[in-house]
Amino acid sequence: MDIITTHTNTDLDALAAMVGAQKLYPEAVMVFPGKLSRNVEEFMALHKDALAVSSLRDIQLEKVRRVVLVDTKNPRRLGKLAEVLNRRGVEVHIYDHHPWAEGDVRGTVEVVETVGATATLLVEKIREQNIPLNPLEATILALGIYGDTGSLVFTSTTPRDVAAVAYLLEKGANLGVVAEFLGRPMTEEQKSLLKSLLLSARRHQVNGVKILLATASVEEFVVGLALLTHTISEIERLDAVFTVVEMEDRVHIVGRSNVAQVDVAEILGPFGGGGHPAAASATIKGAPLNQVAETLMKIIQQKVRPPLTAAGIMSSPVKTVTPETTIKEAGRIMMRYGHTGLPVVQKGRLVGVISRRDVEKANLHGLGHAPVKGFMSQNVVWVTPDVPVAEVQQLMIEHDIGRVPVVSEGRLVGIVSRTDVLRTMHGDFPTRYRAIYSGHLPAAGANISELMHQVLSPREWEIMCRAGEIAARLGYRVFAAGGVVRDILLKAGNLDIDLVVEGDGIALAEALAEAYGAQVRAHRKFGTAEVLFSDGFKVDVATARVEFYEYPAALPRVESSCVRHDLYRRDFTINAMAVDLNGEHFGDLIDFFGGRQDLQQGLIRVLYNLSFIEDPIRLLRAVRFEQRYGFKIEPQTLKLVQEAVRREVLARVSAERLWEELKHILMEKEAGRMLERLHQLGMWPFVFPGVTYWEVQPVLHDLGEAMQLLEEWGFPPGNEPWLCYFIAALHWTDPETARSLCERYHLNKRQTGKVLATLASWRPVLSRLCQRDGVRASELARNLLLLPPEAHPLILTLLDEEWLKERFRQLLLLLRESRPTVDGTYIKSLGYRPGPIFRQALDAVWRARLDGLVKNTEEEKAFVQEFLRRHQGEDSHD
């Protein structure tokens with residue numbers, strides 16, 4: 001028999017998950033393994049006839065062949081049912097939202113994903129399989145999700161939980177019933193226990209984190225300790241709450257955390273507990289209450305991480321102005337560095353802050369020449385580097401300010417913007433905003449050296465190791481940065497190595513080249529160099545730098561900087577990561593901006609709001625990376641894309657820069673989808689002005705498949721595959737428009753000729769190919785030869801029937817295999833002097849070969865002799 005079960009002290013999510021699992025396993029019997037929470041007891045008292053859940057004594061355990069385990073994987077939470085899991089022949093299927101922990105059961109089916117409630121996972125499976133739900137079942141599943149997510153307000157809630165609830169409401173879930181059973185009044189026993197816990201509560205501060213620890217002892221078991229702990233957390237509003245209660249012969253611990261520095265699941269792990277970083281519990285048998293509480297406090301002191309401080313998220317060094325700086329110059333500096341405000345400093349002392357809004361207001365009144373001291377805010381709120389980010393956030397709210405300077409020993413050392421704080425709230429602490437290499441131990445999983453060794457070729461791995469050794473010898477720090485890190489994390493091959501050096505990048509490149517006997521091509525203006533190997537392999541080396549733009553769409557100017565600023569100048573978060581190649585930190589991932597998380601979620605995200613304004617080419621790159629990896633442009637970034645397109649920023653980009661990025665797109669495997677996306681986002685008219693997208697859309701959509709098919713046939717379409725897409729994009733245009741675009745993008749004479757030849761010939765070629773009867777192979781071939789090979793994919797996409805495609809293949813094969821063996825040398829041996837007759841004779845024998853009139857060398861020679869004789873006779877007659 002099959003059974004569905006869950007953990008003891010079964011809560012609403014566990015009950016809901018059991019009901020959901022029975023929809024997937026309709027023959028299975030639901031079994032409670034032990035005690036129920038009070039809410040579940042009350043719900044079952046009313047609904048036991050409708051749900052038919054068996055008790056343990058009703059089950060013949062020796063007959064169980066499959067166990068469907070929901071909302072737990074921990075055998076210690078299954079009571080007697082844990083014995084069944086160890087029997088041979090028993091299959092285990094697991095559905096759980098708790099992270100894996102040591103000692104967890106493994107199953108043949110494992111649906112273990114981080115969502116707010118296990119019921120969500122079951123709802124998703126039910127929805128995928130289109131299994132019907134009645135209103136009662138929908139209500140129970142909704143009750144489970146609301147119960148485990150605090151009615152969708154706990155930090156563990158995910159969009160998937162919300163989507164599941166929306167689906168259940170469509171299926172008739174009754175929120176009145178949900179509210180009734182979630183909001184049940186406390187029993188007298190619970191009230192008494194709550195009072196005891198509040199009276200015993202002791203407040204502690206560990207690494208700046210405020211923690212409450214409450215203990216109590218009761219003779220009988222009182223259900224709902226998790227509810228009481230949550231209630232205390234709501235009352236006290238501290239960072240974390242732990243309750244330790246002795247009931248009967250066991251000590252129960254429940255933890256709730258409101259901050260990322262306190263992972264309660266990690267803290268309760270040594271007690272055999274389980275749960276989430278924000279909510280966890282454990283049960284200990286045979287240990288006195290005071291000893292458990294003392295041990296718990298020691299573990300808390302070891303495990304609580306220091307809070308994120310202003311120093312961890314501030315920008316540094318700080319661009320400043322003096323009180324005498326003009327409004328116009330302050331505005332230029334803001335545009336130059338992408339800032340929305342600047343501190344005003346006089347003789348090293350912070351005297352004010354000038355915002356972009358202040359600058360715009362002054363410019364509006366024609367006061368760009370005025371000094372900033374007349375417009376700056378002088379009541380400056382500032383903090384020291386060790387102030388927790390939570391306090392910085394509160395200061396911003398209280399004073400309605402967008403940036404807070406960071407001052408140490410009277411000197412301005414950094415600045416925290418509203419955006420910095422918002423990123424810590426909505427990002428992934430701590431890896432998004434802490435330099436993993438800066439003296440701290442790397443976060444769990446932050447070192448990717450093993451992954452690097454797997455993905456990199458032996459030469460790439462050896463070069464990175466050698467670069468770190470050379471940097472150490474020179475007193476520099478070196479990092480692999482940008483696309484190489486992205487592709488290592490994606491486990492992609494054929495990597496381009498980009499190194500960033502905190503020091504002299506050119507000097508490191510020269511030392512690296514000397515070690516390998518390679519050449520160096522240096523660009524001293526930009527502090528960059530290329531190490532060129534004899535087989536064409538290269539390594540790009542750059543001095544860590546920050547780029548700024550003097551005005552929108554300008555070419556960037558460069559200043560020396562550190563790796564953080566070098567990464568900040570990048571286009572997207574997924575390209576703004578680095579890997580430390582230095583000594584003991586080798587392999588540490590540096591991710592200030594959440595690139596790894598965006599990779600995992602498949603998102604393309606810019607680093608700051610002015611990104612597309614300062615460099616509009618990033619609009620095309622956003623599309624290229626989105627389609628290459630099957631990602632999505634993140635919603636806020638998409639709004640910035642749409643705004644930049646509306647402002648026509650691409651019109652201000654030089655044709656050379658536009659073509660450089662467009663050519664990258666045309667060389668991509670997913671070029672057709674990329675071009676379609678350019679159209680969807682309104683960029684098509686800027687890259688192909690005068691070309692109507694809808695006329696060429698069907699061809700562009702299928703061109704990649706046609707190119708692949710030609711490769712499989714053995715007829716690759718030329719040496720410049722990008723030209724295939726360029727020709728296809730222009731094939732409906734008039735010659736003047738096509739020539740104009742070729743000139744705009746500086747195509748050479750040969751490439752332009754191929755484009756114009758296609759425009760002139762593709763229609764007659766297509767017409768002849770589609771003509772069923774009366775067309776000789778030589779005539780088809782003569783037409784086809786008017787087209788360049790780069791136009792062959794275009795023709796193939798326009799052939800919509802299989803017999804036509806096969807005809808095209810046979811024609812290409814015939815052209816390749818039907819070349820005559822006789823040549824001008826043979827004609828010369830017959831006594832003829834070189835002249836037009838040579839070309840005419842060879843052309844005639846080639847056509848005869850195509851049409852099957854001659855089949856071998858002897859027949860070719862006879863054909864040529866007859867052709868020359870006849871031609872000579874005609875000349876004599878003339």
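## Salt bridges

Count a salt bridge when a side-chain nitrogen of Lys or Arg comes within 4 Å of a carboxyl oxygen of Asp or Glu. By that rule E294 bridges to K298, with the closest N and O atoms 3.8 Å apart. Both sit in helix 11 (residues 289-303), 4 residues apart, about one turn of the helix. K298 is partly exposed, at a relative accessible area of 46% (buried is under 20%, exposed over 50%, partly exposed in between; 1.4 Å probe, protein chains only).

This is a predicted model, where local features need pLDDT of at least 70, side-chain atom pairs count only at pLDDT 80 or more, and totals for chains, interfaces and linings use all residues. Residues are numbered from 1 along each chain as its sequence is written, and side-chain values use heavy atoms, leaving out hydrogens and water.

Searching the whole structure turns up 44 salt bridges. One of them joins E661 and R621 at 3.4 Å, N to O. E661 belongs to helix 26 (residues 655-666) and R621 to helix 24 (residues 617-629), so this pair ties together parts 40 residues apart in sequence. E661 is buried, at 3% relative accessible area. A salt-bridge network also takes in both of these residues, linking D571, R621, R624, R628, E661 and E668.

## An open sheet

Now for the strands (helices are DSSP runs of H or I, at least four residues; strands are runs of E, at least two; both are numbered from the N terminus). An open, mixed sheet has 7 strands in the order 18-19-20-17-16-23-24, with pairing defined as at least two DSSP bridges between two strands. Strand 18 (519-523) and strand 24 (589-590) are the edges, each with a single partner strand, so one side of each has no neighbour in the sheet. Strand 18 runs antiparallel to strand 19 (residues 528-532), joined by 5 bridges; V520 has V531 as its bridge partner there.

## Aromatic pairs

The whole structure holds 16 aromatic pairs (Phe, Tyr and Trp rings, the last by its six-membered ring, with centres within 6.5 Å; planes under 30 degrees apart are stacked, over 60 edge-to-face, the rest tilted). Y25 and Y95 have ring centres 6.3 Å apart and planes at 75 degrees, so they go down as edge-to-face. Y25 is in the loop between helix 1 (12-24) and strand 2 (29-30), while Y95 is in strand 4 (residues 91-96), 70 residues apart. Both Y25 and Y95 are buried.

W684 and F688 make a tilted pair, because their planes are at 35 degrees, with centres 4.7 Å apart. Both belong to a cluster of linked rings that also includes W659, Y693 and W722.
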